[in-house]
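Here is a structure to walk through together. Have it open beside you as you read.

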Amino acid sequence: MAWQETPMVIRRREGWRMINLQEIWRYRDLLLLLGFRELKLRYRQTVLGTAWVILQPLLGAAAIALVFGRLAGLKGGGAPYFLVAFTGLVGWSIFSVTLTRATTCLVNQPQLITKVSFPRLVVPLSTAIAPIVDFVVSLLALVPLLFVSGLRPTLTMLFVPLWLVGLLGLSLGLGFFLSSLAVTYRDVQHLLPFALQILLFMSPVAYPMEVVPERARVMYRLNPLAVMVDGLRDSTLGRRTEADGLVFLAFFVSATLFVAGWLFFARAERRFADVI
Amino acid sequence: MSSERPAVAVSGVSKSYVISHRAERATTLGEAVAQLFRQRSSSNQETLYALSDVSFEVHRGEVLGVIGPNGAGKSTLLKLLSGIMEPTSGEARVWGRVGSLLEVGTGFHPELTGRENVYLNGCILGMTRAEIDRRFPEIIAFSGVERFLDTPVKHYSSGMFVRLGFAVAAYMDPEILIVDEVLAVGDAEFQARCLGKMKEVAGKSDRTVLFVSHNLQAVRALCDRAIVLSEGRLVAEGDVERCVEAYLGAHREVSLGGRIGFERPPSTSFWMTEARLEIDGIASDLCPLGGSLGLVVEFEATTPVANPRFGFGINSSTGVEVLHANNRYQPTAEPLSAPASAGTIHCELGRVPLVPGHYTISFWLNDSLVDTHVVEHALAFRVIERDIWGLGGTPPPRPAALWWPTRFSIRPASRAEARASSQEQRTRNG
């Protein structure tokens, strides 16, 4: 066997580090296994099993349609309120589930940090896999729902991956920040549900964008999450999205958060084993 | 077999933690914010050195034993070399792929099957799926859990769990293998197999092994060389025998007086709080030859324990376990009448026939099968010479482990017998 002539040097590193994609690529199998472990575990010991993947957004959408559509009498803007709620929930879920899982993933598995060595970023990154699968399954379930409602899937569906990437950028970027903060400050996990609640109200999940008064619309759409959730709904329900400056801003914020979160994580990770 | 090329070179490595007294370390955001505005007082901060200025080299193909008492910095050293932690100062150089086994079955999930866990654990240890695919049959053969491969590991016995975990790591096949105290778990037969496997790894000429263990016999059997750590410093290096002596020698100071208190180990529900020696009924660590030895162990548990299992072993200064007792394999004279969450275990050994010398005692405490609290070489005592039989002298030192109080009887032969035997001797000689 060829003996490595240049040694690996272990010493204290200071400051920022470059994003190392090669390192993550080397651990791609671990990334996938951790992601699918989550999927496998989620529905163990349930009667309905994987049916929950579809049932959850369906039940959620039904509840929203009942409260906001029937009782509050909001209009779906051309589509049945149930579909408005369903598509809103699909976008919201991939964001909130990924962010919640990513934030707690390190704290919940301290032995991964203290007993083995591998690029730690793999762990929060893997938390997106199960929500992505949920996302895809939910969209497949949407197709028959569209037909039932007298709608058809249209070419605007092709924009869905774009919104998916945008939503993942937001949730993983924030997740990188929060997971490394949570290693030292456990407050983060307690603060998060509250913050998500506010974000849920501030995004067009349970209601369509049209409900927001015209004069507040620009302000409202400064929230990149609102733009993404709305864009995803439009694309899935066959409506065009006007690519204005605020849409570009939302994608810019998403990409920036993702990269900044990654850099922050890479800087913080060397202390993880000391403080967790 | 070792070549002169180094596989690991550690130079001046220190690892320190700053700890604040009065529990002032900020672990919540509020405290952190409050601390920003507060004058930093250095008076109640203390720098704790887990390792200080440690330097040594391991040659390619060498098996190095790392020994030292609990808290000496052994695990910290291995974590630094594994890349889990960074040193505070100094640096280490490593030539080759490092595989470290600091815990058996890291990432094992109770709900996943044996097969699923092998893949997950293997990937966590740095293997690819393809590598695991190739080694899968060997891993399973070594672990001996073929029949339960598709059973969730929560249904495994603790022994099966450990076997599977070790098997995955054993087939990592790294150039530098780092092993921390994993042999403390599992049954004797499995420990022997693990040692065998490690010998096999060590036997390959270009494999380097760093091995932490309290099992001095295992260190002797496996290692070419050893280092001894004590309070974060390297106190001895070189020949294994000399290091074992140095370790046991240094350790004697620790529990002077034959009494030791224990901290509750993390994530343990059943643990020892104190252990003390009683010699001829008095707390002491000096045992005259033929003195009677007693051991008193206080325990606590979060949930009441019905059947505390307790074992101890006495090791001589050469590291040989000369005596072992365990109430798992023999009846308890006075068992608990009802489960208790705190209590005392009394062990009466009676007169012990140990020859004069230094000894250490190791403890194993468990509630069912898994050892919940193990402290190796927790107590030390000395057996000193004494004129037991009042003969006006003491027996000269012998290399034997025991000086057995034997009932000697010498009877003269009767006359007829004596004549017959002398006649017989004459005919044989003639």
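How many residues of chain B are in contact with chain A? There are 39, and they touch 30 residues of chain A, where a contact means that two C-beta atoms, placed from the backbone, lie within 7 Å. Bear in mind that this is a predicted model, where local features need pLDDT of at least 70, side-chain atom pairs count only at pLDDT 80 or more, and totals for chains, interfaces and linings use all residues. Residues are numbered from 1 along each chain as its sequence is written, with chains lettered from A and ligands numbered from 1 in the order in which they are written.

On the chain B side of that contact, β4(B) gives the largest share, five residues; helices (H or I, at least four residues) and strands (E, at least two) are DSSP runs, numbered from the N terminus. Now look at β4(B) again: four bridges join it, antiparallel, to strand β1 (residues 8-11) of chain A, and strands count as paired if DSSP finds at least two bridges between them. Here Val9(A) has Arg93(B) as its bridge partner.

Next, find strand β5 (residues 98-101) of chain B, which runs parallel to strand β6 (residues 176-180) of chain B, with four bridges joining them. One of the bridge pairs is Leu101(B) with Val179(B).

Leaving aside neighbours within four places in sequence, Leu81(B) is in contact with residues including Ile10(A), Val94(B), Val98(B) and Ile178(B).
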